[in-house]
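Welcome! Here is a short tour of a protein chain, written for someone meeting it today. Please have a look at the structure before reading on.

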Amino acid sequence: MAEAALQCAVLLAELAVLVVAVAVLLALVARRIGVARLRDWLGGGRLRGALKGILLGFLTPFCSYSAIPVVAGMIDARIRTATIAGFLLASPLLDPIVVGVLLALFGWQATLAYAVVAFAAVLSAALAADAAHLERHLAPARAPAGHVAPPAGIRGPGGAADCGAPDPFGDASPWRGRRAEARSALRYALDLVRRLAVPMVLAVIIAAAIVGFVPQDLVARWSGSGNPLAVPVAALLGVPFYVSTEAFLPIASALHSGGMALGAVFALVISAAGVNVPELGLLGRLLPPRLLAAYTLAVVGVAMAVGYLVPLAVR
């Protein structure tokens, strides 16, 4: 029992340090470049727009609900579909904290394979959405500009209960110098860790319970490498999950240790990150049902692509 508690404490400390480091770095980058310049930077042709949307999704704030006003602003500004789709898909799937935690839990080969396959799948989906002229189904957003707060007590895939904390990604004031900006970025990062603390603790405890009490033969039988349907089943099972992706990854690692195939683990994580029910509810305010369904299918498709291809790359 004492050894298990020590392992949980070490894992929590590692995750907290990782979150703080990445959050501080991205906050400083966003503040140095400037929010207005980032907005003006969007645009270009189909491929360029998709790549810019993916990059912006990579740099998105960690509270996933803050991405909703960005999507609304893109629709109002008539930004091309490739950019909107790239941003919307990359935001939950290529979060740098997720990539960092994957690196810590699964190693560099699996993480690199995940990043490459997920990027290629998101880019393909964004280009396909633009080629299909899905903007014909988009009306100017009616969501209010600025912050869209989630219902009380609800957390987004980024782990935040709300986005009322200091937000360097929404601060349009001039750069205040390295020392002042560093202090602000650190406060932002520590607040992020505070808001992630409860789900991260719960997730690590659940992970320990899975390793200790779930029979490995049961996990292997239902979702092991011997089951050809393990990846699509995992992709569908991830949809009802609603927890911070960073907090969910230790559970995924525990499932993998218990016998779940690596591809099924990645498919589960991606679908849980991208198509949880509350986020779909907010997106439903901006997207008509057919586009919301297309987004859901795209995320599940990315999950299945990663689930089947990543294990091939790490053999």
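Accessible areas come from the Shrake-Rupley method with a 1.4 Å probe, and for residues only the protein chains shown count as cover.

## Before we start

This is a predicted model, in which local features need pLDDT of at least 70, side-chain atom pairs count only at pLDDT 80 or more, and totals for chains, interfaces and linings use all residues. Residues are numbered from 1 along each chain as its sequence is written, and side-chain values use heavy atoms, with hydrogens and water left out.

## The overall picture

The protein chain has 14 helices and zero strands. Here helices (H or I, at least four residues) and strands (E, at least two) are DSSP runs, numbered from the N terminus. Of the 315 residues in the protein chain, 50% count as buried. Buried means under 20% relative accessible area, exposed means over 50%, and partly exposed lies in between (1.4 Å probe, protein chains only).

Contacts (heavy atoms within 4.5 Å) also say something about the chain. Among those with a separation of 6 or more, 85% are between residues 24 or more positions apart.

## Inside the core

Which residues touch the most other members of the largest nonpolar core? They are Tyr-114, Phe-266, Ile-270, Tyr-295 and Val-306, out of 80 residues in that core. Helix α7 gives the most to this core, with 10 residues. A nonpolar core is a set of buried Ala, Val, Leu, Ile, Met, Phe, Trp, Tyr and Cys residues joined through side-chain atoms within 4.5 Å. In soluble globular proteins, nonpolar side chains tend to be buried together.

Let's visit a few places. Leaving out residues up to four places away in sequence, Val-306 touches Tyr-114, Val-117, Ala-118, Phe-266, Ile-270 and Pro-311. Ala-118 sits in helix α7 and counts as buried, because its relative accessibility is 0%. The C-alpha atoms of Ala-118 and Leu-94 are 7.5 Å apart, although the two residues are 24 places apart along the chain.

Helix α12 (residues 262-274) has 13 residues and reaches 19 Å from its first C-alpha to its last, close to the 18 Å expected at 1.5 Å a residue. That expected span is 1.5 Å times one less than the number of residues. The helix is mostly covered, with 13 of its 13 residues buried.

In helix α5 (residues 81-93) you will find Thr-83. Thr-83 is buried because its relative accessible area is 0%. Neighbours within four places in sequence aside, Thr-83 is in contact with Leu-42, Gly-49, Ala-50, Gly-53 and Met-74.

## On the surface

Leu-103, Trp-108, Leu-112 and Val-116 form a nonpolar patch on the surface, with about 430 Å² of accessible area together. Patches are made of residues with over 30% relative accessible area and no salt bridge; like charges are joined within 9 Å, and nonpolar side chains (Val, Leu, Ile, Met, Phe, Trp, Tyr) within 5 Å. Helix α7 (residues 108-131) gives the most to the patch, with three residues. Leu-112 belongs to helix α7 and is partly exposed, at 48% relative accessible area.

## Charged pairs

How many salt bridges are there? The count comes to five, a salt bridge being a side-chain nitrogen of Lys or Arg within 4 Å of a carboxyl oxygen of Asp or Glu. In one of them, Arg-31 pairs with Glu-181, and the closest N and O atoms are 2.7 Å apart. Arg-31 lies in helix α1 (residues 2-33) and Glu-181 in helix α8, so the pair ties together parts that are 150 residues apart in sequence. Both Arg-31 and Glu-181 are buried.

Another salt bridge joins Arg-80 and Asp-130, with 2.8 Å between the closest N and O atoms. This pair links distant parts of the chain, with Arg-80 in the loop between α4 (67-76) and α5, and Asp-130 in helix α7, 50 residues apart. Arg-80 counts as partly exposed at 30% relative accessibility, whereas Asp-130 is buried at 3%.
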